[in-house]
Structure formats: C-alpha cells, structure tokens
Amino acid sequence: MKLTGNLFIGAQEVSATAGTMKALNPATNAEIEPSFAFGGPAEVDRAARLADAAFDSYNNTSLAERAAFLERIAVGLDAIAPELAQRASLETGLPVAQLEGEATKSAAQFRQFATVVRQGRFRDATIDVAQPERQPRARMDHRMQKIALGPIAIFGASNFPISYSVAGGDTASALAAGAPVILKAHNAHPGASELQARVIQQAVKDSGLHEGVFSMVRGAGNEIGEALVDHPLIKGVTFTGSEAGGMALFRRAQQRPDPIPVFTEMTSVNPTFVLPTALAARGAALGDGFAERMLVTVGQACLKPAILLAIDGPGYAELKHAMITRVGAMSARTMLTPGIATAYRKNVERQHDAGAERIAAGGDPQRKWDGQSILFEVDGAHMLEDASLSEEVFGPAALLVRVKDVTQLIALAKKFRGQLSATMQIDQPDHPLAARLLPILERRTGRIVINAFSHPQEVSYASIHGGPFPATSDSRFTSVGMSAIERFLRPVSYQGFPDDLLPEALKYDNPLGLWRVTDGEVSKT
Ligand code: NAP
C-alpha cells in the first residue's frame, strides 16, 4: 500500500498545514520516506465537527451493523498484517514476528468486540415495570440503557505500534460503544499509523457509515493534543504514555468549562513477590523466568515485571544467579525512539545514584539508540527509605530486592504506589503469607497474578488492565479486555415511554433478545 503521509479527516485525505516529519529508523538512525503531514487546531476542529455530526447515526446503528463494521476492520487488518508488521518494525526496531503477532491480536480484538456488540449486554438494559396500583404513589415505567459518551480523542501509544495504537484496544472499544474516534497518531510510527487508519477509513466507507466516525490527526509538539482535549465537541479522552504527559492532559480536561473524563494509563513496576517455599523449591527457574519476561520488547512494556522481592534465604542465591545469567547474556537492542532511549539511560543512572547496586549488564550498546540490559540489587531496608527506587525505568532494567524478613516484606508491599499488576510466586506452605499480602495488593493493583508473570496479558472478558493512580487516572476502569467498553458509556433512563419511542434494547417484547434486568431479575423477557 502506498503511503501518502496525509492526515485523515473523515473521508478526506488532508496534506500538511503545519509542516512535515519523517519517521526515524531507530536501528540505523536514518530517516525513512515519505514525509508525513502535521496539522493543527483547524484540522482538529474539522475532525471534531465531523465526529459530532456522525454521533447520532453511529450511536444508533443496529448491533448487527456495528458488529459487521468492527469485523470489516479485522478483515482489513488481517489483509495488511505482513506489510504493517514490516513498516512498524522499520519505525520501532521491534522484530517483525512480534509485530505480526500484534496485528493478529488487534484484528482479534475487533472480532471480540463485534461479539460484545452482538450480545448487547453493554447496553445494561434495565427495566422497572410500571406499578399503577402502588400506594401511596403509583410507579411509572422506568427503563435504562447505556449509550456512547460522544466523540472520543485517543492518543496512540508509542510502545505497541498496533495493538495500543491506531487500530488498538482503545479504538476497538470506543467504536464498539458507539463513539466516533479521533486518533492522535504517535509520531514514533507514522507509516504504521497510516496503514491502520486506511483500513478503518475503508471499513467506515464499506459499512455505509457517516465519514466522521473516524479521523486521524498528527502534529508537532503539544498543540494538537491540547486542541483535542480542549475541543468542546470531544467528550472523552484515552491516553497511554508517561505520567507527566497523562497528567498534563488530565488536568487540562478538568479545567475545561465542561470537564470530561480522561482515561490515562501511565506507569507501573508490576512487583513480583517470591515467597519462601517457592523460592527454596524453584529459585533458579523463577529468576530465569522473571528475567526473560522483563526483557521482552526491550523492557518497553507497561506490564514489564520490573521489581522482584524475595526474603534472603534458601533459593535466593540461585534466583539471583539465574537473573544475572539471563540479563548478562542479552545483547543490547534498539529502543523505540531517541527520547525513550535517552530517558532510559537517565533513569538507569537515577537507580544507581539512589544506591542500587548494578549486579549484571548485558552486551554494550552497538548502535546509537540501543538499550543495554541491566539488573540492580538493593536491600529491603534501603528500599524502604528511598521511594524513588520503586519508580518505573522504562526499558530493559529490573531491580532485585533482598528482603530481611516477613515484616520487612509486608512493609515494602505497603510502600508501592498504584500498579497495573502484582505477582506472587507461591507453593502451598506460602499460602498464609500470601493471604496476608493479598489485601495489601488488592488496594494497590488492578490484577493479581499467582504463579505466572505479569506479562503478557489475556484480552478477554475478565481482563483488567487498570489500577489505582498512577497506574491509571481512574481505577474504576480497564483499558484492555471486553470491559474496556465501559469507559465510553453513560446511562440514560427513559420514564413513561410508549413502546414505539423506546430504543430497541428496551422495547416491551425485547426484539433483540437481550438479557435484561426486569424488576431486579435477569431474563430474556
Ligand atoms: P509521552 O511523552 O507521554 O507521549 C504520549 C503521547 O501524548 C504523544 O502523542 C505525545 O505527543 C502526547 N503528549 C504527551 N504530553 C503531552 C502534553 N502535555 N500535551 C499534549 N500532548 C502530549 O509518551 P511516549 O512518547 O510514548 O514515551 C515517553 C515516556 O513515556 C517513556 O520513556 C516512558 O517512560 C513512558 N511510557 C510509558 C508507557 C507505559 O505503558 N507505562 C508506555 C509508553 C511510554 P508528542 O509525541 O507530539 O509530544
């Protein structure tokens, strides 16, 4: 597919109004053709007006129509998967095979959300039947369903250029909810972004939908993102990236005359607790498994297990040795962008300055933006004193914490800020200690894993990729899994409505055959 470098404003392709950029191949440090257009607030305004114009018709598409649209996107992604993976690899330095997997995962997400749409449970159809005879006051018929919030601005992430980017889970779940999407493309992979945008734009056309259902903008600096968050026709925002960026956008949205929800996914170190019996029984295997997971995708993953805590005792030396061996054998690999590589080196220095001892290092960097794999160790008492040691180092570094005893382990667990996930490696005799840790972890994380590692994450009905601040800005929601759709929905109650004016999901004879809650009971009536 030929890349034009244009912006996508509804059905239109728009050339640059605010300069251009070229993608950078981080492995060679060379620019890649073609030039990609930057737009500004005027393009945001056009896209937002189109999205607003599309809202009523798109929000009211039948479940079957909307599901078919999502499936068209999935088919389009499948068709371009090899080309998309090649381009994304050039722009990110990530391996082609991994990116083909991401494309497959993205297509699967659109199909999963098509199923969610067909099931119609997201409508949450709830009915309180009229009670005209009720004393002392008759009850009117009340019916509730959920509809889409309105046009949503989505900030594509840098680190997963497909599955958290243009055709990622945020887009799939917003479109499933009935919300038009304006995508702010990440400048780290403009070609991969365009390929995905083309697929979505074509699916909009083939489905006979209003062109404003999808637009993609790109800009230099913060101006375009700020214009999106400020635009009065935008009704919600999703973001994956740094805590500084996420919180700047969150605060901005709260200062609007009409504040809107901003769902940010920002930072997590995904602590792993190896409890004593498991440590003694399989310390080496756990150390190796942890190091293998932390190095995946050059450590540039929000679910990277970054901190391992274990009480010094039987198995600790084997665990440490296995971690050192795995990290030491890893050659340096290209990081996603110069900015991310620079931040990584700075944060590695920060860990060192904070008193963590460097106990292993992989091969030296060969290219400009290579990230060297690093393993640090620190003792639990020191970690308790310096909160900076539990901050994220985005890249292939991890911290092993040598804990004195159970009391110190519990104290350390309580020190963590909000996390996307936490893991416990346990054997049967560890269960009482795991039970003590559990409520501490529940208060701090969105997902607790036993006897596996935090990465990867299933994308399914019970998946949670969320957690208390600063993992996210709203711990009530997930950005991955089928419940991600909830971020883009709000309830509306219809009181005293005649059948012909009711939405399909709430009509008296349940023509969609939905599971509904009627007078508190779940049924298909
Ligand atoms: P980022 O700097 O937070 O940027 C993410 C997106 O938001 C970009 O499109 C960026 O636009 C935009 N943006 C950021 N701050 C903004 C602001 N104040 N106003 C308007 N738009 C704004 O993230 P990144 O570029 O992906 O990587 C930087 C760092 O973020 C990494 O080193 C890492 O520490 C962290 N990160 C964490 C995760 C995670 O999952 N935990 C994932 C990715 C990155 P511009 O590019 O045009 O500035």
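## Salt bridges and a helix pair

E243 is partly exposed, with 24% of relative accessible area. Keep in mind that this is a predicted model. The partner of E243 is R417: the two form a salt bridge, and their closest N and O atoms are 3.0 Å apart. E243 sits in helix α7 (residues 243-254), while R417 belongs to the loop between α12 (406-415) and β19 (422-425), so this pair ties together parts that lie 174 residues apart in sequence. R417 is partly exposed too, at 33% relative accessibility.

How many salt bridges does the count give? It comes to 25.

| Pair | Closest N and O atoms |
|---|---|
| E243 and R417 | 3.0 Å |
| R326 and D288 | 2.9 Å |
| E377 and R402 | 3.0 Å |

R326 is partly exposed at 31%, and D288 is partly exposed at 29%.

Now for E377 and R402. E377 lies in strand β17 (residues 374-379) and R402 in strand β18 (residues 397-403), so the pair links parts 25 residues apart in sequence. Is E377 buried or exposed? E377 is buried, with a relative accessible area of 3%, while R402 is partly exposed at 28%. Elsewhere, salt bridges with shared partners join E13, E194 and R198 into one network.

Finally, look at two helices. The axes of α2 (residues 63-92) and α3 (residues 96-119) come within 8 Å and cross at roughly 170°, which means that α2 is roughly antiparallel to α3. Their contact has 21 nonpolar, 4 polar and 6 charged residues.

Technical notes:
Residues numbered from 1 in each chain as written. Predicted model: local features only at pLDDT ≥ 70, side-chain atom pairs only at ≥ 80, totals over all residues. Heavy atoms only, no water. Axes fitted to C-alpha atoms, helices over the stretch in contact; angles between N-to-C directions. Helix = DSSP H or I, 4+ residues; strand = E, 2+ residues; numbered from the N terminus. Parallel < 35°, antiparallel > 145°, perpendicular 65-115°, else oblique. Nonpolar A, V, L, I, M, F, W, Y, C, P; charged D, E, K, R; others polar. Salt bridge = Lys/Arg side-chain N within 4 Å of Asp/Glu carboxyl O. Buried < 20%, exposed > 50% of the residue type's maximum accessible area, 1.4 Å probe, protein only.
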